[in-house]
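Please open the model in your viewer and keep the selection tool at hand.

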Amino acid sequence: MIDVQHLTKNYPGGVTAVDDVSFSIEPGEIVGFLGPNGAGKSTTMRILAGYLSPSGGQVKVKGMDVTRKNLEVRQCLGYLPETCPLYTEMRVGEYLRYRADLKGLSRRHRRTGVERAMEQCGLLDVQKRLVGQLSKGFRQRVGIADALVHNPDLLILDEPTIGLDPNQIVQVRKLIRDLSSAHTLLISSHILSEIEATCNRVVVMNQGKILESASLEELGHRWSPGAELTLEVKASAPEVDKTLRSLADLKRIQVKQDGAWAHAELLFANDEDHRERVFACIKEADWDLRELHARRHSLEETFVKMTGGGEEV
Ligand SMILES: Nc1ncnc2c1ncn2[C@@H]1O[C@H](COP(=O)(O)OP(=O)(O)OP(=O)(O)O)[C@@H](O)[C@H]1O
Ligand SMILES: [Mg+2]
């Protein structure tokens, strides 16, 4: 669906925003596009959508070169830019019909396309309202409806939930999940829980280069420090420390006393599931158990590790 080979983008003033980047996206994939501020995500997305020309390399969307077949590429995908330029003095329905016209839809396709996009984005009730009088969340929905109006099978959404309140984030996330059944999606976001909830693969950029392109699972394994387990048993902390310390593959153990209970945090050298082994040990020691929990390394922790916590201006 998308094939990027050795893509480079230099802005005037000597900024190399994208530096020899290659990746591809298969039809039906839902890909999260991650990276710190200034990593080059929006630049790459604008090039993919045909709104910015590359300085070097080749970008193909559905087999078409974005430079040579610019118009065709723009027509076959839906793009929500980082700052969506809406005509604030137009009414929602009117604006979407206008956008459908610009995208070359016939009168009949325009009507059904606009209706469908408004329904998908929950805009039917506000179709007569002026765009400029809508809340930010609703304006964002208009931007997404605009990307959807010609029913493209590829959607490129640059931070679709930026600036939305938690309720609206949940709604837009649901919309994205609904769209994912029939579309290929590339979504950039800094809300990593959102990427975890909606995407099956991530492409991570940093300082213009690709750091990772992997499924969330692969990424977790690759960057995990090892399996982490927490437990609470009714026993004294030194006793728990002494008993559990003998577990094979244990890298680190910390035990704190909390009244009659000992709270232990264990880190193992590998990423396997150690719960049964630890439970057997607890049973053997005949301790009362009130918690045993394998902690998953979050995408947020992985991201900070991958990108070294740094940022570009
Ligand atoms: N029009 C421009 N002219 C010059 N430099 C630019 C321009 N647009 C972006 N840049 C620079 O290119 C680099 C990449 O910017 P880009 O907007 O692609 O990053 P991003 O990953 O989308 O960041 P963010 O997470 O903050 O949206 C940055 O160093 C930025 O300052
Ligand atoms: Mg951006």
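Select strands E12, E13, E11 and E14, which form an open sheet in that order, with antiparallel pairing. Strands (E, at least two residues) and helices (H or I, at least four residues) are DSSP runs numbered from the N terminus, and two strands pair if DSSP finds at least two bridges between them. The model is a predicted one, in which local features need pLDDT of at least 70 and side-chain atom pairs count only at pLDDT 80 or more, whereas totals for chains, interfaces and linings use all residues. Residues are numbered from 1 along each chain as its sequence is written, chains are lettered from A and ligands numbered from 1 in the order in which they are written, and side-chain values use heavy atoms, with hydrogens and water left out.

Colour the edges of this sheet next: strand E12 (250-258) and strand E14 (288-295) each pair on one side only. On average, and with direction ignored, neighbouring strands of the sheet are turned by 15 degrees against each other; axes here are lines fitted to C-alpha atoms, for helices over the stretch in contact, and angles run from 0 to 180 degrees between N-to-C directions. E12 and E13 run antiparallel and are joined by eight bridges. Within this pair, select aspartate 258, which stands opposite tryptophan 261 in E13.

Move on to asparagine 270, in the loop between strand E13 (261-268) and helix H10 (275-285). Which residues does asparagine 270 touch, not counting residues up to four places away in sequence? They are Gly226, Ala227 and Asp249, contact meaning heavy atoms within 4.5 Å. Display the side chains of asparagine 270 and aspartate 249, which make a polar contact (3.5 Å). A polar contact is a pair of N or O atoms within 3.5 Å; within protein, one must be able to donate a hydrogen and the other to accept it, and residues adjacent in sequence count only if both atoms are side-chain atoms. For a view across the model, select proline 160 as well: its C-alpha atom is separated by 36 Å from that of asparagine 270, the two residues being 110 apart along the chain.

Turn next to another open sheet, whose four strands have the order E2-E1-E4-E5 with antiparallel pairing. Its edge strands are E2 and strand E5 (64-65), each pairing on one side only. Strand E1 (residues 2-11) pairs with E2 over seven bridges and with E4 over five bridges. Select leucine 7, whose bridge partner in E2 is valine 21, and then valine 4, whose bridge partner in E4 is valine 59. Tyrosine 11 stands opposite valine 15 in E2. Between E1 and E2, the hairpin has three residues, and there glycine 13 takes a positive phi near 100 degrees. Helix H1 lies across E1, E2 and strand E4 (56-61), running at about 120 degrees to E1.

Finally, select ligand 1 and the 15 residues around it, among which Gly38, Lys41, Ser42, Thr43 and Glu82 come nearest; a residue is near if one of its heavy atoms lies within 4 Å. Oxygen atoms of ligand 1 lie 2.9 Å from a side-chain N or O atom of asparagine 37, 3.1 Å from a backbone N or O atom of alanine 39 and 2.5 Å from a side-chain N or O atom of glutamate 82. The protein covers 69% of the 640 Å² of accessible area that ligand 1 has on its own, by the Shrake-Rupley method with a 1.4 Å probe. Strand E2 (15-25) and helix H1 (41-48) are the elements that give two or more residues to this shell, and H1 gives the most, with three.
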